[in-house]
Amino acid sequence: MRNSEKNIIFGLYDDEEDLKSAIRTANADHLQIMDVLTPFPVHGLDPLLGLAESRLHIGGFVYGMLGTLTAFLGMTWIFTRDWPQIYGGKPYWPILSFVPITFELTVLFASIGMVVTFYVINGQGPGIKNPVIHPSITDDKFCIAFDTDGLENTQVDKLRHFFQNTGASLVETKTI
Amino acid sequence: MKTDADGLVQYYATGVTVSGKQGEEDYFSCVQYHHTMGVTGQDSLTKETINADEAATVYMTYGLVRQGFQGSLVNRTIIRKSHLDHVEDFVKDLQEERHHHQELNKKQIYPGHDETYARGHHWGMHVDLNACIGCGACTVACMAENNVPVVGKREMSRHHEMAWLRIDRYFYGDVNNPSAVYQPLMCQHCNNAPCENVCPVNATNHSSEGLNQMAYNRCVGTRYCANNCPYKVRRFNWLDYNAADLWPINEPDLGLKSGSDDVPYGADNLTRMVLNPDVTVRSRGVIEKCSFCVQRIQEGKLRAKTEQRLLRDADVKTACQTACPTGAITFGDMNNEEGELTKKLASPLNYIVLEEVNTRSAVNYQARVINKAEGVDA
């Protein structure tokens, strides 16, 4: 969900080990990294960037419990209050028979809830365009991007030096 | 019609000959082994002991005639029979067996609905295998009463028979001169009905009066229930036998004119007059089965209500019961202490088909007791 245009400077790395060492250098130099983009998930990136553990699974648990309660209470209400019927000699409240549907609704609620939450939190979704900083990121290159809005030229030069010192194969500025 | 000197009709003929059909070949549909249970027989070709029903399914297809299988009473038969000479031992064994089954059946997860059925009516049936002569009048009466389609030879040979009540026959004794036991088998209206559990659309459930009910409009034809029925009494409408899809309410724009050749059999108003208006006509893709003549039960209950009295045995009689010439079938309220059914249910010869699977069926069969001297034919 991009509200305004933004000037960035980014560098591309050929290898994820180069990327990680570059991030360590940036952290040591107290450079404020805007984003890191990789073609595949890189292990150990989250702690380097100081990202907290995702809370999505907490949401998944909550949605799952919601599904469990919906199924169990729904069926309980239907079979005991709304429309009690006799099936195969079972009592009006056959808890064992509820197990499959309760499980299914738990999984359904958890999965769909987590997907929707993920999209909302990350500003993703149908109709939203996300800029591709460089086509190679979707192929085999690793990218570190800095926000250059409000930075003086000397500071941007410092970032450019940082990229050159850490072995970036390409350094560019861009407005996204 | 031939009459004798007194003008009485004689139901026999002498000196008849076959003409016209001589030298021609035709196929017959042998349905005797359809749905029979626990019957093994010797394959006429391989001489191996095989499941007769399975073999009938495989071999008795239309256009491929194989020799039928002579079934016999086997260990897992659903027929109970005894000779009069040792009937006391037989009753003792039968009671012991039933007691064993009932003890095992107590070990079920759910408590059941015995309290529900103890109130009001609990419909049940008693079939006396001694009285049954296998004439088939009950089947015919059932088909007439319940609008059961007559499907014809080709459908029969494909296991598509629709009879709600079938008569199984089981042979015993000398293979060249066997004796037979006939067993009318209809929906047993089990209290623990296996068919009800598997319906994904709630098309079959149990009434508080112990009836296993069908909601034809709900049925989507998965046939899980027929698959799960241990008695194999559920019938599936493979085709639109009653031309139900051509009823004006279903297809208003067909423009069919009564009596013209365009109208399929069963779709014109005159043919439809054979249908019983009290019973729904089932269309294609729907499971149907014995309803214990629920329309007659309702009629009897309403009659008793308008006359402001308790329901009597005479108020409700199923079609098969009224048709049976020997009175082998008794239908009634199992909660009616004075009813005829309750008296018959007290017989120690009674047994329940497949009692060991804990279906708790509502149909009791009275074991066959034969009283035939040694070496006497028929």
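This is a predicted model: local features need pLDDT of at least 70, side-chain atom pairs count only at pLDDT 80 or more; totals for chains, interfaces and linings use all residues.
In chain B, B:H126 stands opposite B:N364, a residue of β13(B).

## The chain B sheet

β4(B) and β13(B) pair in the parallel sense, with 4 bridges between them. With β11(B), β4(B) pairs in the antiparallel sense, over 5 bridges. One of the pairs there is B:G124, whose bridge partner in β11(B) is B:G332. Put together, the strands form an open sheet of 4 strands with the order β11-β4-β13-β12 (chain B), and the pairing is mixed. Which strands stand at the edges? They are β11 and β12 (350-351) of chain B; each has a single partner strand, so one side of each is left without a neighbour in the sheet.

As a general point, the side chains of a regular strand alternate between the two faces of the sheet. For β4(B), both faces are covered: B:W123, B:M125 and B:V127 sit on one side, B:G124, B:H126 and B:D128 on the other, and all are buried. Counted up, 6 of the 6 residues of β4(B) are buried.

| Strand pair | Sense | Bridges |
|---|---|---|
| β4(B) and β13(B) | parallel | 4 bridges |
| β4(B) and β11(B) | antiparallel | 5 bridges |
| β1 and β3 of chain A | antiparallel | 6 bridges |

## What packs around it

The largest nonpolar core has 57 residues, and B:V127, B:L165, B:C320 and B:I329 are those with the most contacts inside it. Several elements of chain B give two or more residues to this core, among them β4 (123-128), β6 (179-185), α8 (294-306), β11 (329-333) and β13 (363-366).

Zooming out, chain B holds 10 helices and 14 strands. Of its 378 residues, 33% are buried. Among contacts in chain B with a separation of 6 or more, 63% come from residues 24 or more positions apart.

## A loop asparagine

B:N146 is found in the loop between α4 (137-145) and α5 (153-157) of chain B. Is B:N146 buried or exposed? B:N146 counts as buried because 27 other C-beta atoms lie within 10 Å, and the cut-off for buried is 20 or more. Not counting residues up to four places away in sequence, B:N146 touches B:W164, B:N276 and B:V279. Take B:V279: B:N146 is 133 residues away from B:V279 along the chain, yet their C-alpha atoms are separated by 5.8 Å.

## Over to chain A

Chain A has an open sheet of 4 strands too, in the order β2-β3-β1-β4, with antiparallel pairing. Its edge strands are β2 (33-37) and β4 (170-175) of chain A, each pairing on one side only. Neighbouring strands in this sheet are turned by 20 degrees against each other on average, direction ignored. Inside the sheet, 6 bridges join β1 (residues 7-13) to β3 (residues 142-147) of chain A; in β3(A), A:F142 is the bridge partner of A:Y13.

Two helices lie across these strands. Helix α1 (residues 16-28) of chain A lies across β1, β2 and β3 of chain A, at about 25 degrees to β3(A). Helix α5 (residues 153-165) of chain A lies across β1, β3 and β4 of chain A, at about 10 degrees to β1(A).

Then there is a helix pair. The axes of α3 (residues 56-82) and α4 (residues 95-121) of chain A come within 7 Å and cross at roughly 145 degrees. The crossing of α3(A) past α4(A) is right-handed. Contact residues include A:G59, A:G60, A:Y63 and A:G64 of α3(A), and A:F109, A:A110, A:G113 and A:M114 of α4(A). The residues of this contact divide into 14 nonpolar, 10 polar and no charged.

## Where the chains meet

How many residues of chain A are in contact with chain B? There are 9, facing 14 residues of chain B. On the chain A side, the residues divide into 5 nonpolar, 3 polar and 1 charged.

Key
Residues are numbered from 1 along each chain as its sequence is written. Chains are lettered from A and ligands numbered from 1 in the order in which they are written. Two strands pair if DSSP finds at least two bridges between them. Axes are lines fitted to C-alpha atoms, for helices over the stretch in contact, and angles run from 0 to 180 degrees between N-to-C directions. Two residues are in contact if their C-beta atoms, placed from the backbone, lie within 7 Å. Ala, Val, Leu, Ile, Met, Phe, Trp, Tyr, Cys and Pro count as nonpolar, Asp, Glu, Lys and Arg as charged, and the others, Gly among them, as polar. A crossing is left-handed if the near helix is turned anticlockwise from the far one by less than a right angle, and right-handed if clockwise. A residue is buried if 20 or more other C-beta atoms lie within 10 Å of its own, exposed if 12 or fewer, and partly exposed in between; C-beta atoms are placed from the backbone. A nonpolar core is a set of buried Ala, Val, Leu, Ile, Met, Phe, Trp, Tyr and Cys residues joined through C-beta atoms within 7 Å.
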